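This report walks through selected helices and strands of one model. Please keep the sequence and the structure in view while reading.

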Amino acid sequence: MKSYNLTHLKELEAEAIFVLREVASQFEKPALLFSGGKDSIVVAHLARKAFYPGKIPFPLVHIDTGHNFPETIEFRDKYVKELGAELIIGSVQQSIDEGKATEEKGFNASRNLLQTVTLLETIENNKFDACMGGARRDEEKARAKERFFSHRDEFGQWDPKNQRPELWNIFNGRKQMGENFRIFPISNWTEMDVWQYILHEEIEIPTIYFSHERSVFLRDQVIMADCDFIERRDSEKIEKRIVRFRTIGDMTCTGAVESDADSLESIIQEVSAARTTERGTRADDKRSEAAMEDRKKEGYF
Amino acid sequence: MSEVKDTYLDMELLRFTTAGSVDDGKSTLIGRLLYDSKSIFEDQYEAIEESSKRKGDENVNLALLTDGLRAEREQGITIDVAYRYFATPKRKFIIADTPGHIQYTRNMVTGASTANLAIILVDARKGVVEQTQRHTFIASLLGIPHIVFCINKMDLVEYDQESYEKIKAELEAFCTKLDVKDIRFVPISALKGDNVVHRSEPMSWYEGGTLLYLLENIHIGSDHNHIDCRFPVQNVIRPQSDEYHDYRGYGGRIAGGVFKPGDNVTVLPSGFTSKIKAVDSFDGPLEEAYAPMSVTITLEDEIDISRGDMIVREHNQPEVGQDVDLMVCWLGRNNLVPNGKYAVKHTSNEVRCVVKNIQYKVDINTLHRNEEDLSVGMNEIAKITIRTTKPLLFDRYKRNRVTGSLILIDEATNETVCAGMIV
């Protein structure tokens, strides 16, 4: 007998496309949060598939901290142009200039937390009622509790103890005025799934995911890229190392790993042998055991 | 290159849920599965090692791996469904880890709704308790195709075969009252690791496979309905570009059956008939498509079709009706209101309904029908009849979990208050 069974990547793809189409149908003004990182690139790719041969029926939104890797911005602009999609940029620098956010000080200063201010403002100004993102449940323990359709109150807050039950594949996107949703089409994907999918679909990603030589320094055993946005201690010496990035966030809070993986195949081999989590190099998660939960409650992704 | 690419592409996806009473060792079992299948990372392990020490635990408390919220760690309980992922070379697994507390039945229903398989934990010392029956009943109610009973804490009954057989017999007797297709039993010790990933030496009398072996090998290819063709239309794709000027495709996820170009189809509720022109995808036209694929279907004829309509085969149509009998699990904080009005979401359709009749409530511990007390509150199971504002296109839940399920929404709060299975 013929077997009608999808491979797991095909099943995950079908699920994500279903979610993306639900968003387009259930909301009036959805947007896709696009950071230029691999996860949001995969979501954009899936959106392309979901509405093909039509165009993606919503804009891409980038919350720009001003502390991005230059390679990410370069990729973002090129990719959006290829896609023929609209790009909306929310600038953290502008939020700071307007006095709506205050820059952190000191050696570990980061604009990661300030993103929330700019994100909520961008949502409000553009009247977005649903923001899709590439967050995955396997990334972090608070994210493991997320719904596909995550309801936020009028302040953008997440109430983890009081989430709507999500049954079967029936998604309840009903809301009061002023409230909105965060939506995570690739909730069920793991880091490995994302890499395998990128390989299988031949999706282009920023060059910093691949091994390259870079000026770096060591801080709390994490390899940080040298840049103008980080204040270095005298003891932190700059050196050249062969590195790559497993995740891409701000330059101030994203650490590199030493690696000579220069192709998708070698990255996959590296990931399958990895003994630390992807976000292990993310300083923003290390602030406390509940760092992610606390940020999410306030409106972070 | 192709080797890396292909090995991974051959894997299937199994979604399972775990249920058990408080302290049955559910989180420990998941921790054990993840740990022994080498799916835990060093930094995660170090973090829980440190937390365990801080809390004064002698062993590394694997349960801490799954408790993601601050309140959960503080109270040492699981509040909400947490999703976990791991993979072996054969399959990728999604675990919906659901809390065992009475007040959180709604979470188990949530986790169970998408699962192929349920693991139900039983404490070997206590045997079958009320909660075991409740969890088994919910698993059967939600139509989970496979149930694996793990008789846990076998180390605390000296790995005694008789204790295991006694519990197994009791569960088998209980399951005859329910509608479950495939039942398995495994004696384990999650704490010591017996029969979870590795075979147990002290229980050499057990001849079946380990839990992981079952998870890797249970046949899931028939879990979807591949007989009754059902395609609920999610959206209409009209590019209106020069290249695709007249293109009109229907986007959706196949809920049952196999669709091929050339098939004669009927569109409901209009009843118009046509032929499938193409089953499209970004990667090119497909020869056939089946559940749960997301595709775009184009038809030979121009018919007015919109979201909420369903494309089916001429000679195999779903039921069409406004009076629908449901088994429901009530999830809302406020009780079900007799004669109350609710919003209904069913496939890609959204209608309103009035609760016409509450037939009975099920005592989930005894399975008795209660026709006297008909107040239905949170976590309770009942059989009701609703009347909808527009006809629904449905199948019985036992026949199709997609076209047979719906949710009710409180129109004032927009909360999802009810999980309904059409009978």
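## A parallel pair and its sheet

In chain B, strand S1 (residues 12-19) and strand S3 (residues 91-97) run parallel and are joined by 7 bridges; strands pair here if DSSP finds at least two bridges between them, and both helices (H or I, at least four residues) and strands (E, at least two) are DSSP runs numbered from the N terminus. Within this pairing, Thr17(B) has Ala96(B) in S3(B) as its bridge partner. The model is a predicted one, in which local features need pLDDT of at least 70 and side-chain atom pairs count only at pLDDT 80 or more, while totals for chains, interfaces and linings use all residues. Residues are numbered from 1 along each chain as its sequence is written, chains are lettered from A and ligands numbered from 1 in the order in which they are written, and side-chain values use heavy atoms, with hydrogens and water left out.

The pair belongs to an open sheet of 6 strands in chain B, with mixed pairing and the order S2-S3-S1-S4-S5-S6. Strand S2 (82-87) and strand S6 (182-187) of chain B each have a single partner strand, so one side of each is left without a neighbour in the sheet. On average, neighbouring strands of this sheet are turned by 25° against each other, direction ignored.

## Helices across the sheet

Helix H1 (residues 8-26) of chain A lies across S1 and S3 of chain B, at about 70° to S1(B); axes are lines fitted to C-alpha atoms, for helices over the stretch in contact, and angles run from 0 to 180 degrees between N-to-C directions. Helix H7 (residues 161-175) of chain B lies across strand S4 (117-123), strand S5 (146-152) and S6 of chain B, running at about 165° to S6(B).

In chain B, helix H2 (residues 26-36) has 9 of its 11 residues buried, so it is largely enclosed by the rest of the structure; buried means under 20% relative accessible area, exposed over 50% and partly exposed in between, with a 1.4 Å probe and protein chains only. The buried residues of H2(B), which include Leu29(B), Ile30(B) and Leu33(B), pack against S1, S2, S3, S4 and helix H8 (211-217) of chain B, where contact means heavy atoms within 4.5 Å.

## Helices H1 and H2 of chain A

Of the 19 residues of H1(A), 16 are buried, so this helix is largely enclosed by the rest of the structure. H1(A) packs with helix H2 (residues 38-51) of chain A at an angle of about 75°, their axes being 9 Å apart. That angle makes H1(A) roughly perpendicular to H2(A), a term that covers 65 to 115 degrees.

In H2 of chain A lies Ile41(A), which is buried with a relative accessible area of 0%. Beyond its neighbours within four places in sequence, Ile41(A) is in contact with residues including Phe34(A), Phe75(A), Tyr79(A) and Ile203(A). Ile41(A) and Tyr79(A) are 38 residues apart in sequence and 9.0 Å apart in space, C-alpha to C-alpha.

## Strand S8 of chain B

In strand S8 (residues 249-253) of chain B, 5 of the 5 residues are buried, so S8(B) is largely enclosed by the rest of the structure. S8(B) is joined by 4 bridges to strand S7 (residues 230-237) of chain B, which runs antiparallel to it, and Asn235(B) stands opposite Gly251(B). S8(B) also pairs with strand S13 (residues 294-299) of chain B in the antiparallel sense over 4 bridges, where Gly252(B) stands opposite Val295(B).

Note on methods:
Parallel < 35°, antiparallel > 145°, perpendicular 65-115°, else oblique.
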